[in-house]
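Me: Hi! I'd like to talk through a structure with you, starting with its pockets. Here it is.

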Amino acid sequence: MEPLRIACTVMCASLIVAAGIIDARRSIYPHQLWAASLAANTIASALALGVTLCIANVIASCAIVAVLVAFELYWRHRNGTMGIGAGDLKFLCALGILDPWMALVSFACALLCLAMTALATKQRRLPLLPFWTPFALAGMALMVLGV
């Protein structure tokens with residue numbers, strides 16, 4: 001792997017870890033961190049897959065997030081309560097640029113862990129990104145290894 005791809009991969013992983021730490025402490029995913037993740041993930045995707053597949057990943061990621069936004073709006077209208085936060089959707093969008101399937105699988109695993117923790121601790125509100133970080137990093141590791 002060439003040095004630029006290694007640097008981009010390390011940057012993407014660092015931004016994922018930073019997102020998990022910040023969300024655990026403050027329950028927020030800052031816009032600046034999201035913008036940095038979008039840029040790093042787009043560059044990493046273009047270097048690894050080429051521009052055409054990178055564009056396809058961007059389109060797929062935006063489509064996935066659009067469906068979830070529509071579902072979230074329906075949920076809020078129907079139940080009057082919040083479900084998935086905007087920061088979680090922003091994180092999914094950025095992560096989906098690397099690999100939409102990896103982003104969805106890691107998202108599902110994180111939601112499952114979050115739900116089990118919420119049931120065990122009887123808490124109604126927990127931040128998702130701390131649960132998501134290990135799954136996102138594992139997905140990135142599998143991508144780098146070519147699995």
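Me: What classes do the residues lining the second largest pocket divide into?
Reply: Eight are nonpolar, three polar and two charged. Here Ala, Val, Leu, Ile, Met, Phe, Trp, Tyr, Cys and Pro count as nonpolar, Asp, Glu, Lys and Arg as charged, and the others, Gly among them, as polar. Before we go on, this is a predicted model, where local features need pLDDT of at least 70, side-chain atom pairs count only at pLDDT 80 or more, and totals for chains, interfaces and linings use all residues. Residues are numbered from 1 along each chain as its sequence is written, and side-chain values use heavy atoms, with hydrogens and water left out.

Me: Thanks! What volume does that second pocket have, and which residues lie nearest its centre?
Reply: Its volume is about 260 Å³. The lining has 13 residues, and Arg-5, Ala-44, Ala-48, Met-143 and Val-144 lie nearest the centre. A pocket is an open set of points on a 1 Å grid over the protein atoms alone, with protein on both sides within 12 Å along at least five of seven lines; a cavity is a set where a 1.4 Å probe fits but cannot get out, and lining residues have an atom within 4 Å of a point. Points are joined across faces, edges and corners, and a volume is the space filled by probe spheres set on them.

Me: Which element gives the largest share of that lining?
Reply: Helix 2, with four residues. Helices are DSSP runs (H or I, at least four residues), numbered from the N terminus.

Me: And the largest pocket, what's around it?
Reply: It holds about 960 Å³ of space and is lined by 29 residues, with Met-82, Gly-83, Ile-84, Arg-124 and Leu-126 nearest its centre. Two or more lining residues come from each of helix 3 (51-79), helix 4 (86-98) and helix 5 (100-121). By class, the lining has 16 nonpolar, seven polar and six charged residues.

Me: Which residues does Glu-72 touch?
Reply: Leaving aside neighbours within four places in sequence, Glu-72 is in contact (heavy atoms within 4.5 Å) with Met-82, Gly-83 and Ile-84.

Me: Is Glu-72 buried or exposed?
Reply: Buried, because its relative accessible area is 5%. The cut-offs are under 20% for buried, over 50% for exposed and partly exposed in between (1.4 Å probe, protein chains only).

Me: How many salt bridges does the count come to?
Reply: One, taking a salt bridge as a side-chain nitrogen of Lys or Arg within 4 Å of a carboxyl oxygen of Asp or Glu. The side chains of Arg-76 and Glu-72 form it, at 2.6 Å from N to O. Arg-76 and Glu-72 are four residues apart in helix 3, so about one helical turn separates them. Arg-76 is partly exposed, at 34% relative accessible area.

Me: New topic: what about cavities?
Reply: A search of the whole structure finds one of 30 Å³ or more, and the largest cavity has a volume of about 50 Å³. Residues lining this cavity include Cys-12, Leu-15, Ile-16, Phe-91 and Leu-95. The lining has seven nonpolar, two polar and no charged residues.

Me: Last one, which residues of helix 1 are buried?
Reply: Cys-8, Cys-12, Leu-15, Ile-16, Ala-19, Gly-20 and Asp-23. The buried residues of helix 1 pack against helix 2, helix 4 and helix 6.
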